[in-house]
Amino acid sequence: MSGNAQDTEGWDIARMMQWMQSYLGSHGDPNPRISTQWLISESTGLSRTELFMQMDRPLSKDELDSLRSGVKRRAAGEPLQYITGEAPFRYLNIKVTPGVLIPRPETEVLVSELLARLPKPEKIRSNEFLAEMSSSEAVGESDDDNTSTNVCENDEPTGTGAIELKSLLVADLCTGSGCIACSLASEHPLIHVIATDISDLSVDLAKKNVDAFDLGERVGVLKGDLGESITEDLIGKFDAVISNPPYIPTDVLASLSCEVTDFEPELALDGGKDGLDIFRRIVLWSTSALKPEGILAVELHETTLDDAYRFAQDNGFADLSIVKDLAGKDRVLIGRRRG
């Protein structure tokens with residue numbers, strides 16, 4: 001497919017699919033079929049299912065121009081998510097951009113493990129009341145009829161139509177795109193998240209994702225190194241600390257695919273010699289930031305979980321578990337701060 005004007009004619013979805021799969025396959029794409037479908041879907045605005053229902057649909061000049069750019073970038077090894085500008089993560093489509101780590105399925109497991117350990121919002125009786133609760137600007141704010149939104153789990157209704165709920169405060173350190181913070185807040189209506197990152201690019205992108213999902217009332221994004229930007233008055237009040245920090249051991253970085261090392265930020269990957277440099281700092285900060293019995297959940301490299309377990313155990317954490325990812329590799333360490 002050249003750039004000549006006449007090449008804009010005669011290209012329908014079927015012909016483009018056939019050409020792109022062949023071209024990308026010959027340029028080293030490990031899954032040219034998926035890449036082709038993603039790129040055509042992005043350029044046409046059609047879902048991948050719709051593509052197969054409209055195989056004879058002609059492609060416009062703008063669509064062909066977009067595909068030329070996308071094919072060139074993909075053939076050079078650039079991740080699909082950077083080309084399309086988004087990545088699926090749990091129930092959300094997260095905006096992504098070069099310079100910020102791409103959300104991955106392993107991190108979905110991290111979110112699941114934390115949600116499984118947090119109190120469930122089982123007493124919510126209506127969407128109307130939930131909307132009212134979510135619109136409060138501060139944890140613990142009460143409305144005119146004195147219905148509190150900051151109470152202990154297991155409290156009973158205090159009057160007709162009134163019900164008390166517990167807000168949960170979570171720190172998401174090294175937030176990157178904000179995928180963890182946005183997922184937690186969108187899936188659990190009582191969670192409030194303070195998300196931090198040291199990268200300006202990440203902070204800007206996380207804020208865009210928070211705004212895109214209308215979560216600004218319950219997710220705040222701050223620039224800072226781990227917890228340094230979190231105000232002192234919140235230390236000791238967190239119900240959970242969660243993080244997908246840089247965790248690849250430095251020597252292992254060289255063995256990763258070029259799609260990762262050539263395009264994704266090293267700042268978000270390199271965890272130091274043993275992969276635990278940032279993890280140790282997170283643990284030590286969490287010992288003071290968490291409430292007694294508060295939860296720590298961290299994603300780590302599969303070769304480091306045993307050492308991480310021992311470090312957390314030696315520094316005030318109990319009920320520790322190592323959880324495997326979908327590929328069967330040790331991936332998540334989760335436990336509770338000792339009371």
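Two strands count as paired here if DSSP finds at least two bridges between them. Helices (H or I, at least four residues) and strands (E, at least two) are DSSP runs, numbered from the N terminus. With that in hand, let us walk through the fold. This is a predicted model, in which local features need pLDDT of at least 70 and side-chain atom pairs count only at pLDDT 80 or more, while totals for chains, interfaces and linings use all residues. Residues are numbered from 1 along each chain as its sequence is written, and side-chain values use heavy atoms, with hydrogens and water left out.

**The chain as a whole**

The protein chain contains 13 helices and nine strands. Of its 339 residues, 47% count as buried, where buried means under 20% relative accessible area, exposed over 50% and partly exposed in between (1.4 Å probe, protein chains only). Its accessible surface is about 16100 Å², with 48% belonging to carbon and sulfur atoms; such areas come from the Shrake-Rupley method with a 1.4 Å probe, and for residues only the protein chains shown count as cover. A contact means heavy atoms within 4.5 Å. Among contacts between residues at least 6 apart in sequence, 66% join residues at least 24 apart.

**The seven-stranded sheet**

In what order do the seven strands of the open sheet lie? The order is β5-β4-β3-β6-β7-β9-β8, with mixed pairing. β5 (219–223) and β8 are the edge strands, each pairing on one side only. From one strand to the next, the twist averages 15°. For such angles, axes are lines fitted to C-alpha atoms, for helices over the stretch in contact, and the angles run from 0 to 180 degrees between N-to-C directions.

The table lists strand pairs of this sheet.

| Strands | Sense | Bridges |
|---|---|---|
| β3 (residues 168–173) and β4 (residues 191–197) | parallel | six |
| β7 (residues 290–299) and β9 (residues 330–337) | antiparallel | five |
| β8 (residues 317–324) and β9 | antiparallel | six |

Leucine 173 stands opposite threonine 196 in β4, and valine 298 faces leucine 333 in β9. Lysine 324 has aspartate 330 in β9 as its bridge partner. β8 and β9 form a hairpin with five residues between them, and glycine 328 in the turn has a positive phi of about 85°.

Helix α9 (residues 200–212) lies across β4 and β5 and runs at about 170° to β5.

**Leucine 114, a residue in the interior**

Leucine 114 belongs to helix α6 (residues 105–117). With 0% relative accessibility, leucine 114 counts as buried. Leaving out residues up to four places away in sequence, leucine 114 touches Val170, Leu184, Ala240, Ile242, Ile295, Ala297 and Ile334.

Strand β1 (residues 86–89) and strand β2 pair in the antiparallel sense over four bridges, and phenylalanine 89 stands opposite leucine 92 in β2.

Most residues other than glycine have a negative phi. Arginine 90, in the loop between β1 and β2, has a positive phi near 55°. Arginine 90 is partly exposed, with a relative accessible area of 22%. Aspartate 214 also has a positive phi, of about 55°, and lies in the loop between α9 and β5. At 69% relative accessibility, aspartate 214 counts as exposed.

**Aromatic rings**

How many aromatic pairs does a search of the whole structure find? The search finds four. The rings of tryptophan 11 and tryptophan 19 have centres 6.2 Å apart and planes at 80°, so this pair is edge-to-face. Rings of Phe, Tyr and Trp (its six-membered ring) pair if their centres lie within 6.5 Å; planes under 30 degrees apart count as stacked, over 60 as edge-to-face and the rest as tilted. Ring pairs link Trp11, Trp19 and Tyr23 into a cluster. Tryptophan 11 is buried at 6% relative accessibility, whereas tryptophan 19 is partly exposed at 24%.
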